Amino acid sequence: LATQTKAEEDELENVVNWSGTHACSVHVKTPETRHEAIQIVAEHASRNERIRPVGGALSPNGLAFAEDGSSLINLALLDKVLNVDVENRTVTVEAGCRVEQVLEALEPHNLTLENLASIAAQQVGGFVGAGAHGTGACLPPVDEHVLEMTVATPGQGVVTKKRGDADFHAFPCSLGLLGVTLTLTLRCVPKHLLRERTQVLTRQEVIQRHAELIQDNRHVRFMWIPFADAVVVVSNNPTVDGVLGAGQGYEPRHDMEYRLEPFRSLLKDVSGDDGEGLGFAELRDALLAVKPLDLEHVKKINRAEAEFWRRSQGTHVGDSSTKLNFECGGQQWVNECCFPAGTRSAPDGKDMRYMLRLLDIIESEGIPAPAPIEQRWTAGSSSLLSPARSTTEDALFSWVGIIMYLPSDDERVRKSIGDAFRQYKGRCESDLWPVYGALEHWAKVEGDARVQER
């Protein structure tokens, strides 16, 4: 820091989130050492100035962004894996370390993280601080995996909090409110293979088998497809040693060319281009780019997606670190809420009723909602700010995410999609959330006056 000139310190940077939907023009501090990070926090505290920690700016809502002209601190250069304790199955990392780096460091020790979110590029500080979650009725959000953390606070200097401390539960999922996280110790599990099964069920079949599917699978997610009686069910379970190895399983009967044919045929019909060389998510974006808000067009795309998944049914075995990450698509508007759904031993069915009502709103009112609407489950979290906060031992929470993709660079088109998404989300907010006690995922809360929409 001492080598920075005054002009460099005053220079503003334009920071944009991954989806290109939010931005801020701010001073970005990037410390190279732990001491520098502590000093930056202390200096801002002494001037009574706010500073917010930011990672990869992956949050769809620009969660870490601040008012123009203010300051962010990015710990990207504090990204070391400090210790792997094989005997106690823990890993200690600097907060700027990316999840994928942690997985790589654990691999030689035959360890891995218990659960993962959909992508692995997050810095661990944000991964934990925003309350990220994977899926699995017996698995809590990732903040519950933290055993110890060290935080540079504005009022008490550097503090270390351990699970069991009276105020520990205020710290893991804390959005940077209490300070800048410097290091975290996470619990690990033995490295393992997962057998992934992809199947397509009707809505009625999913409702009938709902309890069985979430109770009997370690990880399971549903992908509901509006305007098609198809629910893609993706489950992952540990394999039995010696029975199935990596790369084995019962592959889909069809090759990728045949599986993608419904997308390519539709794209040829509407644009004259068959999308040769494009993958699944790229083809969906190419189709949506033609008429992103045309209801009949979106229906055709969703039905093509349902057929793609029918042709993709099968099983495959791979490392848990690859099976728990998945394709999220391109730039997008997305919202996700979380609500209680009974207990793992006695699901109350609210998760199914929520989805049926949501689909009824979409299909009866003609909302051009693309696929999928993703539904996942977790156990509860002891973190005070977690949307899945609970003290019930086998509490069950359902997470539902809605989406509209941004397949165009045309600002007018992007604005029209953003406007349509806000109306779509507004129907959830007014008609569903109060009824089901739903709270938004912190990384998806919109309407923050600090953050510019683009």
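Predicted model: local features only at pLDDT ≥ 70, side-chain atom pairs only at ≥ 80, totals over all residues.
**Reading a fold, feature by feature**

Trainee: Where does Arg89 lie, and what is its phi?

Mentor: Arg89 lies in the loop that connects strand S5 (81-85) with strand S6 (90-94), and its phi is near 55°, which is a positive value in a residue other than glycine.

Trainee: How should I read Leu175, and is it buried or exposed?

Mentor: The cut-off for calling a residue buried is a relative accessible area under 20%; Leu175 has 13% relative accessibility and therefore counts as buried. Leu175 sits in the loop between strand S9 (157-162) and strand S10 (180-187), and its phi is near 60°, a positive value in a residue that is not glycine.

Trainee: What is the peptide bond from Ala371 to Pro372, cis or trans?

Mentor: The bond from Ala371 to Pro372 is cis, with omega near -5°, and Pro372 belongs to the loop between helix H10 (350-365) and strand S17 (373-378).

Trainee: In what order do the 8 strands of the open sheet run, and which strands form its edges?

Mentor: The order is S15-S12-S14-S13-S17-S18-S16-S19, and the pairing is antiparallel. The edges are strand S15 (314-319) and strand S19 (439-440), each of which pairs on one side only. Within the sheet, S17 and strand S18 (residues 395-405) run antiparallel and are joined by 5 bridges, and Thr378 stands opposite Phe397 in S18.

Trainee: Which strands does helix H5 touch as it packs on the sheet, and which does H10 touch?

Mentor: Helix H5 (residues 203-216) touches strand S12 (193-201), strand S13 (219-224), strand S14 (231-238), S17 and S18, and its direction makes about 165° with that of S12. H10 also packs on the sheet, touching S13, strand S16 (332-343), S17 and S18, with its direction at about 165° to that of S17.

Trainee: How does the span of H10 compare with what its 16 residues should give?

Mentor: The expected span is 1.5 Å times one less than the number of residues, so the 16 residues of H10 should span 22 Å, and its end C-alpha atoms are 22 Å apart, which agrees. Among the buried residues of H10 are Met352, Tyr354, Leu358 and Ile362, and just after H10, Gly366 takes a positive phi of about 70°.

Trainee: In which helix is Arg427 found, and which residues does it touch?

Mentor: Arg427 is found in helix H11 (residues 411-431), and, leaving aside residues up to four places away in sequence, Arg427 touches Ile361, Glu365, Ile367 and Leu432.

Trainee: Finally, how many helices and strands does the protein chain have, and what radius of gyration does it have?

Mentor: The chain has 12 helices and 20 strands. A compact globule of 454 residues would have a radius of gyration near 22 Å, and the chain has 22 Å, so the two agree. The C-alpha atoms fill a box of roughly 60 × 55 × 45 Å, taken along the principal axes, and 55% of the 454 residues count as buried. Among contacts between residues at least 6 apart in sequence, 69% join residues at least 24 apart, while the chain exposes about 19200 Å², of which carbon and sulfur atoms supply 48%.

Conventions: Residues numbered from 1 in each chain as written. Heavy atoms only, no water. Helix = DSSP H or I, 4+ residues; strand = E, 2+ residues; numbered from the N terminus. Buried < 20%, exposed > 50% of the residue type's maximum accessible area, 1.4 Å probe, protein only. Pairing = 2+ DSSP bridges. Contact = heavy atoms within 4.5 Å. Axes fitted to C-alpha atoms, helices over the stretch in contact; angles between N-to-C directions. Rg over C-alpha atoms; globule rule 2.2 N^0.38 Å. Areas by Shrake-Rupley, 256 points an atom, 1.4 Å probe, with all protein chains shown as cover.
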